[in-house]
Every structure is written in C-alpha cells, then in structure tokens.
Amino acid sequence: MPATSRPQSAPALSQRERQVLAHIAAGLSHKQVARRLGISVHTVSTYLRRIRSKRTAPTVAHLIHLSMTEDAATPQ
C-alpha cells in the first residue's frame with residue numbers, strides 16, 4: 001500500500017484540514033496560510049500535525065501528493 005493511501009478505517013480530513021492542505025500543496029508557507037485563513041501560524045502547524053496523524057505523510061512532498069489524491073477522490 002502506498003505511504004499516502006488512506007485505509008478504510010482512517011478518519012476523514014475536516015474541511016479546515018483540507019483547506020490548509022490545499023494551501024500547503026499550492027506552495028504557501030505556514031505564515032501565508034495563516035494570513036489567508038485568518039488563523040495563527042501555530043494553528044496551521046496543529047492542522048498539519050492532525051493531518052499527519054490521520055494519514056502517513058512524513059514530508060511536505062507526501063502532503064502535496066496526499067492533497068492531489070484527496071482532490072481526485074472528491075466528487076466534483
């Protein structure tokens with residue numbers, strides 16, 4: 001199983017976690033994400049920590065891949 005796959009029992013990402021993930025995947029820094037979403041840099045880090053606890057994503061590259069696969073799996 002690929003490192004970024006979500007097992008059937010893995011919890012879904014919240015709307016805010018998906019927003020943070022999308023901004024990180026777009027190449028924004030933690031500070032830029034915080035400004036755009038009106039939250040603190042610490043909160044951005046907290047959301048990323050939660051995402052990593054729900055998915056296996058040890059690096060930013062894995063997070064970006066996760067973002068792309070999550071987007072592809074989401075119905076339009």
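## Ground rules

Residue numbers start from 1 along each chain as its sequence is written. In this predicted model, local features need pLDDT of at least 70, side-chain atom pairs count only at pLDDT 80 or more, totals for chains, interfaces and linings use all residues, and side-chain values use heavy atoms, with hydrogens and water left out.

## How H1 meets H3

Helices here are DSSP runs (H or I, at least four residues), numbered from the N terminus. Helix H1 (residues 15-25) packs against helix H3 (residues 41-54) at an angle of about 100°, and their axes are 9 Å apart. Axes are lines fitted to C-alpha atoms over the stretch in contact, with angles from 0 to 180 degrees between N-to-C directions. H1 and H3 are therefore roughly perpendicular (65 to 115 degrees).

On the H1 side, Arg16, Glu17, Val20, Leu21 and Ile24 make the contact (heavy atoms within 4.5 Å); their partners in H3 are Val44, Tyr47, Leu48, Arg50, Ile51 and Lys54. These residues divide into seven nonpolar, no polar and four charged (Asp, Glu, Lys and Arg count as charged; Ala, Val, Leu, Ile, Met, Phe, Trp, Tyr, Cys and Pro as nonpolar; the others, Gly among them, as polar).

Leaving aside residues up to four places away in sequence, Leu63 touches Leu21, Leu48, Ile51, Arg52 and Ala57. Ser67, in helix H4 (residues 60-73), is buried at a relative accessible area of 6% (buried means under 20%, with a 1.4 Å probe and protein chains only). Beyond its neighbours within four places in sequence, Ser67 contacts Leu21, Ala22 and Ala25.

How values were computed:
Helices (H or I, at least four residues) and strands (E, at least two) are DSSP runs, numbered from the N terminus. Angles under 35 degrees count as roughly parallel, over 145 as roughly antiparallel, 65 to 115 as roughly perpendicular and the rest as oblique. Buried means under 20% relative accessible area, exposed over 50%, partly exposed in between (1.4 Å probe, protein chains only).
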